[in-house]
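Subject: Structure handover and notes

Hello,

The structure is below, for your files. My notes on what was found in it follow.

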Amino acid sequence: MNKLIKSIKKEFTGWKKWQIFWMIFANAMIMGISIYQGDTVLGIAASVTGVICVILCGMGKVSNYFFGTINVILYAIVAYKAKYYGDVMLNLFYYFPTNILGWIVWKKHMDKETNVVYKRRMTWKQDLILLVVSVVGIWGYGYILKRLGGNLPLVDSMSTVLSVIAQILMIKRFMEQWIIWIVVDVVSVIMWIAALFTEGSSIAVLMMWSVYLANAVIMFVKWLKESKDQPEKKSEEAVAKAEG
């Protein structure tokens, strides 16, 4: 029990008051609105674990992958009921294993003093490749989802493909992940608004994506500043220079 308490305290090391407030406020808002609207326990649980995950990710805490694993299982069930098959496959066959991989990778690149992951930036060539892959992927997967009879296939495809890419950037600790997450969150908010009116889907999930969007904007600014000059970056540059 003492070990667990110490681990929890360690995860909140270096947090500012507004960041703690954001964590509490975001979850309290979702739970309050969801309970008032009579949402299901499943929808609320999926939303709360998801919000905790993305905030911990933004704070650079490796524990985000623990909550993320729980979230993807619950969210896949909710998405299945809404007939968003792209999201179902994304969560079960991609997010679940990559959460485990992310935990392993991040543990190797943590600042031991602050218990926060080191952050990186992409080159302009990597940005260009990313753009081409994204466009081709969205079009191709959108066609497949249309043939399966899914709702809003192109929008669903955009959410799915960009989420796959953003997760890769997240595991590799690139700041640019937050730009893609912003796009994904906007698309997902639109999807769940449509589902709410047509299928009567979970309002907690809609609120979850809305919080994701706000969090992505906040964490983009945070990572943009922190990725400029970090000890690990200097160390990598020194090694590259020595080797070559």
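A residue is called buried when its relative accessible area is under 20%, exposed when over 50%, and partly exposed in between. By that cut-off T98, at a relative accessible area of 9%, is buried because 9% is under 20%. T98 belongs to helix α5, and beyond its neighbours within four places in sequence it is in contact with Y65, Q167 and I171. Note that this is a predicted model.

Overall layout

The protein chain contains 10 helices and two strands. Their order along the sequence is α-α-α-α-α-β-β-α-α-α-α-α. Of the 244 residues, 48% are buried. Among contacts with a separation of 6 or more, 75% are between residues 24 or more positions apart. The chain exposes about 13200 Å², and 71% of that is supplied by carbon and sulfur atoms.

Confidence

The mean pLDDT of the chain is 83, and 87% of the residues score at least 70. Helix α6 has the highest confidence, at a mean of 91, and helix α10 (residues 231–243) the lowest, at 45. Over residues 234–244 the pLDDT stays under 50, and the model has two contacts beyond four places in sequence for that stretch. Where pLDDT is low, predicted coordinates should not be read in detail.

Nonpolar core

The largest nonpolar core has 64 residues, and I55, W106, W192 and W209 have the most contacts inside it. Eight helices each supply at least two residues of this core: α2 (17–36), α3 (41–58), α4, α5, α6 (124–148), α7 (153–171), α8 (177–198) and α9 (203–226). The largest share, 12 residues, comes from α9. As for I55, its contacts outside the four places on either side in sequence are W15, W22, M23, A26, N215 and M219.

Nonpolar surface patch

F66, I70, I73, I77, F96, I100, W103 and I104 make a nonpolar surface patch of about 690 Å². Helices α4 (64–81) and α5 (85–107) each supply at least two of the patch residues. One of the members, I104, is found in α5 and has a relative accessible area of 44%, so it counts as partly exposed. In soluble globular proteins, nonpolar side chains tend to be buried together. T98, which is also in α5, is buried instead.

Salt bridges

How many salt bridges does a search of the whole structure find? The count is two. In one of them the side chains of K119 and E226 meet at 3.0 Å, N to O. K119 lies in the loop between β2 (116–117) and α6, and E226 lies in helix α9, so this pair ties together parts that are 107 residues apart in sequence. In the other, the side chains of K222 and E226 meet at 2.9 Å, N to O. K222 and E226 both lie in α9, four residues apart, which is about one turn of the helix. Through shared partners, the salt bridges join K119, K222 and E226 into one network.

The accessibility of these residues is as follows. K119 is buried, at 2% relative accessibility. K222 also counts as buried, at 14%. E226 is partly exposed, with a relative accessible area of 27%.

Regards

Key:
Residues numbered from 1 in each chain as written. Predicted model: local features only at pLDDT ≥ 70, side-chain atom pairs only at ≥ 80, totals over all residues. Heavy atoms only, no water. Patch = residues over 30% accessible without salt bridge, like charges linked within 9 Å, V, L, I, M, F, W, Y side chains within 5 Å. Areas by Shrake-Rupley, 256 points an atom, 1.4 Å probe, with all protein chains shown as cover. Salt bridge = Lys/Arg side-chain N within 4 Å of Asp/Glu carboxyl O. Buried < 20%, exposed > 50% of the residue type's maximum accessible area, 1.4 Å probe, protein only. Contact = heavy atoms within 4.5 Å. Core = buried A, V, L, I, M, F, W, Y, C linked by side-chain atoms within 4.5 Å. pLDDT = per-residue confidence, 0-100.
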